[in-house]
Amino acid sequence: MHRYFLLLPLLLLCQVVLGQRPVPYGNNPAAGRYAHVRGLKLYYEAYGSGAPLLLLHGNGGSSQDFAKTIPYFAKRYRVIALDSRAHGKSTDAADSLSFEQMADDCAALLMQLRLDSAYVLGWSDGGITALVLALRHPGKVKRLAATGANLWPDSTALMPELWQQMRRGYREGSSQTFTDAKRRNDWKVFLLDWNQPHIPLSALSRIQAPAFVIAGDQDVIRPEHTLAIYQSLPRAWLWIVPNSGHATLHDHADEFNRKIDEFFRAKTIVAGKK
C-alpha cells in the first residue's frame, strides 16, 4: 500500500509527459480558431479528420458543453465545435439575437472553411439552430441530430416548471436597466428563448436532410412536442431516452454518442422506422 502511494506522483508525472492531461475543450489554444464572418468573430475548435461534423451548443453555453462528445467523434470526423454569436468566445455587438442569424452564421462558417456541407449535432438551442439551418441552407446539412429542441416558446412546447421559471425571469429582468456589458449580453441571450423560435410544424416538411429527434423522458421539452417534430419531418428517427433529462449527451454520453454515430452512418433513413 505504501509503495503504491509513493508511485502515485510518478504516475501523474508520466500522464503529463505523455500528454494525457484533460483537454480544455472550449478554451483550447491548440484547437481554437476565430473566423471573421458576417461582421463577427466566431470562435470554434477543430478536432480530428474525416467528414465534417458541426456541434451547436445550447442557450448560455459554449463549445465546452461537448467535452464528452468531441473525443468520441474526433476519431472518425472533422469535428467543428462552435461558440454561437454572443456565447463563449464569440463576439456580437447587436442588441438582439435570432435563430435565423445563428443559422446563417453556421452556413457562412462552413463556406469560409470551404466545406460544402456537414453533419450537424445540436443540443437545445443548438438543435433549433440545426433545424433552421436545414430550412434556410438545405445544401449545407448532410444529416442533423437535435436533442431537446422546441419550435415555439410557450407552455405547449415547454414543461410547466421551465415556462414558469422563464416568466419570472422575464418579469424581473424587464424592469431593470443593464449597464454592465456581461449582464446586457446575458439578458439578450435570455430574450432569445423567451421570444423565439417560431417554426410552424408544416415548415419541417421542407427539410430533406435525414433528422434524428431526441429528448429525455424527463426533458424540459414536452414529450408530445418532441413527437410532433419527429412526425412532421419527412425522414427521421426518434429516440426518447429513459431516465434522462435535458442533458442526455452528458448523462448518457456513451450511449448517446453511439446512437448519433449509428444514425450518421446508416445507409438509409426511412420515416417512421429505425
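Reply: Let us begin with a salt bridge, defined as a side-chain nitrogen of Lys or Arg within 4 Å of a carboxyl oxygen of Asp or Glu. Here the side chains of Lys182 and Asp186 form one, with an N to O distance of 2.9 Å. This is a predicted model, in which local features need pLDDT of at least 70 and side-chain atom pairs count only at pLDDT 80 or more, while totals for chains, interfaces and linings use all residues. Residues are numbered from 1 along each chain as its sequence is written, and side-chain values use heavy atoms, with hydrogens and water left out.

Me: How many residues apart in helix 6 are Lys182 and Asp186?

Reply: Helices (H or I, at least four residues) and strands (E, at least two) are DSSP runs numbered from the N terminus. Lys182 and Asp186 are four residues apart in helix 6, so about one helical turn separates them.

Me: Are Lys182 and Asp186 exposed or partly exposed?

Reply: Buried means under 20% relative accessible area, exposed over 50%, and partly exposed in between, with a 1.4 Å probe and protein chains only. Lys182 counts as exposed because its relative accessibility is 57%. Asp186, at 37%, counts as partly exposed.

Me: Which parts does the salt bridge between Lys188 and Asp92 tie together?

Reply: The closest N and O atoms of Lys188 and Asp92 are 3.0 Å apart. Lys188 lies in helix 6 and Asp92 in the loop between strand 4 (77–82) and helix 3 (99–112), so the pair ties together parts that are 96 residues apart in sequence. Lys188 and Asp92 are both buried. They also belong to a network of salt bridges that links Arg38, Arg85, Asp92, Asp105 and Lys188. The structure holds nine salt bridges.

Me: Where in the chain do Asp104 and Arg136 lie?

Reply: Asp104 and Arg136 form a salt bridge whose closest N and O atoms are 2.9 Å apart. Asp104 is in helix 3 and Arg136 in helix 4, 32 residues apart, and the pair thus links distant parts of the chain. Asp104 is buried, with a relative accessible area of 14%, whereas Arg136 is partly exposed at 43%.

Me: Why is strand 3 described as largely enclosed, and with which strand does it form six bridges?

Reply: Strand 3 (residues 51–56) has five of its six residues buried, so the rest of the structure largely encloses it. Two strands pair if DSSP finds at least two bridges between them. Strand 3 runs parallel to strand 4, joined by six bridges, and Leu56 has Leu82 as its bridge partner there. Strand 3 also pairs in the parallel sense with strand 5 (residues 118–123), over four bridges; Leu55 stands opposite Leu121 in strand 5.

Me: What volume does the largest pocket have, and which helices each supply at least two residues of its lining?

Reply: On a 1 Å grid over the protein atoms alone, a pocket is an open set of points with protein on both sides within 12 Å along at least five of seven lines, and lining residues have an atom within 4 Å of a point. Grid points are joined across faces, edges and corners, and a volume is the space filled by probe spheres set on the points. The largest pocket has a volume of about 370 Å³. Of its 22 lining residues, Asn59, Ser124, Asp125, Leu162 and Asp193 are the closest to its centre. Helix 4 (125–136), helix 5 (160–174) and helix 6 (181–195) each supply at least two residues of the lining.

How values were computed: 1 Å grid on protein atoms, 1.4 Å probe; cavity = no way out; pocket = protein on both sides within 12 Å on 5 of 7 lines; lining within 4 Å.
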